[in-house]
Amino acid sequence: MALLEVRDVTKKFGELVANDRVSFTVDAGEIVGLIGPNGAGKTTLFNCVSGLYPVTAGRIFFGGAEVTGLPSYRIARMGAVRTFQVVRPLKDMTVFDNVLVGAFLHGAGGAQAREAAESCIELCGLAEYADKSAGDLPIGGKKRLELARALATRPKLLMLDEVMAGLTSTEVKAALELIRHIREKGITLLIVEHVMEAIMPIADRVVVLDGGINIAEGPPDRIIDDERVISAYLGAKFSRRLQAKREERTNA
Amino acid sequence: MHHGALKRKDLFWLALVALMALVPAVSVITANSFLMHVLILILLFASMAQAWNIIGGYGGQTSFGHSVFFGIGAYGAGMAVVTYGLSPWPGIGVGMLAAAAVAVLISYPCFKLSGHYFAIATFAIVEIFNRLFLVWYWVGGALGLDYPMVEEGLANLMWYDSKTGYYYCALVLFALIFGIVRFLEGHRFGYYLRAVREGQETAESLGVNSTAVKLTAMALSAALAGLCGAFFVQYNLRVDPGMVMSLDMSMKFVLVTILGGAGTLAGPLLGAAVLIPLQEYTRALWGGLGGGVDLIVFGMLIIVIVVKQPAGISGIVRDIAKRFRRPADAKGGTSVGTA
């Protein structure tokens, strides 16, 4: 049974259709990439799944239970936790306290939560900033804070909204390492990403949105050959580059 | 590292309370009735500001309605004594519960408003309750309640000869409310409250039920403001609507906290320790010039502080402490590891 099932979800803002009958599933243990051009409705879909927006039509199931219309804190408590594309540090709190807020979800006792927060901070490479005010972090640090905070809630499904956008290539590499590590801990990942070189090697499956519609779905290898995805998003040049890379790998 | 820092801070506060408990042993102070009055008011206003600080500082929801809860608490004790001829204690309990209930009822719809609109809505509530109590016969209307002579002591929470009894009551009130806030600061609820202040949607995305957190904080804050109101009426021996349920009184909750430093444990005490002596001594010195001299001084001080340091007096104290601590940090500051 799928961990997350999005069934015919439609989201309209007035006359604008941001998501049009989008359906897909995420199985436990998978890494699923959600890609598409700007304005394709990726973040809107995230907001619907995480309960920030009510859906106009359609249903969402998480862990076998329907979560359509539930407030976001209930969905988070069930184990589906997201990060924000535009980072949202709790500015006047320290980095440690930010992560501790997340850790309190499954550790009301202080000591247990503190331990969990500390290990998440360590994991995300934020240890040297722990006592700094979250508002003072550089952008890369704020992105990692988003991740650490969500991770501290011990989610079943972690939904990452462009955590790698704006990072340097070294930082992207570190982030990929971290994502692999998170998957090894048994956490399922749904990742919105613009950096194709980042998402393609780690995703088990990719869902492609364009104009609010789910235009393709499948393993990355198949997606980069898909005519519709190439014309809508990847572009011929980029697709050739990805294919060349794949051939390099198979030859090697 | 975090636990060590917490303990040192607690010791400081315990030592402070112990020191304040010794004040009545100094006969020079107890002989000066006006000084005792000022000390009692400092403790009372620090407690009131700390009660407000729960929702207003830590929770970030600026309420101008706290004089309503303060008034309900005052009327709870006052009516028990004046109307029903009882000890004030049952009235204090009922008053605190009523204050919390009223707070929840009025803030539930108001919390749907954000930012300034919440503050404006709470303004209106003060006016509503002020008018209501002015015309409400059962609570004494515009005449208010005047205390009869009763036997002094803790049972009646009343003393005539000396102010020492009131001083200790105020100190207990202070220790109780500061203790509660100190406890909350280090526990899940306190973290959730600050998280809601810093970003409601973010907090919700981490599993925090922001509505429940805000309502609980509001109920606690109102009940404690009501407890302060009960102490006030026992000390003042009289209550009428203009005295307690007024925008003036609401402003004091807000100003003392903001001047001292909202969202900090020390802020309410620092604010009260500066503003209350100023208020009482200017009143005593220049009261003949007509009412409001103290408010002029109040206003100017607020402007200066807020312009110089928006985090209030506690922000200034922190800056000074940092300046003194820096040389020590430089010596032992090389232990930061790389991840």
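This is a predicted model: local features need pLDDT of at least 70, side-chain atom pairs count only at pLDDT 80 or more; totals for chains, interfaces and linings use all residues.

Biologist: At what angle do α8 and α10 of chain B cross?
Modeller: Roughly 110 degrees, with the axes of α8 (188-198) and α10 (210-236) of chain B coming within 10 Å. Axes are lines fitted to C-alpha atoms over the stretch in contact, with angles from 0 to 180 degrees between N-to-C directions. Helices are DSSP runs of H or I, at least four residues, and strands are E runs of at least two, numbered from the N terminus.

Biologist: Which residues make that contact?
Modeller: Y192(B), L193(B) and V196(B) from α8(B) meet S210(B), V213(B), K214(B) and A217(B) from α10(B). Contact means C-beta atoms, placed from the backbone, within 7 Å.

Biologist: Switching topic, how many residues does each chain put into the contact of B with A?
Modeller: Chain B puts in 23 residues and chain A 29.

Biologist: Which helix gives the most on the chain B side?
Modeller: That's α8(B), with 6 residues.

Biologist: And the sheet in chain A, what's the strand order?
Modeller: β2-β1-β4-β5, an open sheet of 4 strands with antiparallel pairing. Strands pair if DSSP finds at least two bridges between them.

Biologist: How many bridges join β1 to β4 there?
Modeller: 5 bridges join β1 (4-13) to β4 (57-62) of chain A, and L4(A) has F62(A) as its bridge partner in β4(A).

Methods:
Residues are numbered from 1 along each chain as its sequence is written. Chains are lettered from A and ligands numbered from 1 in the order in which they are written. Two residues are in contact if their C-beta atoms, placed from the backbone, lie within 7 Å.
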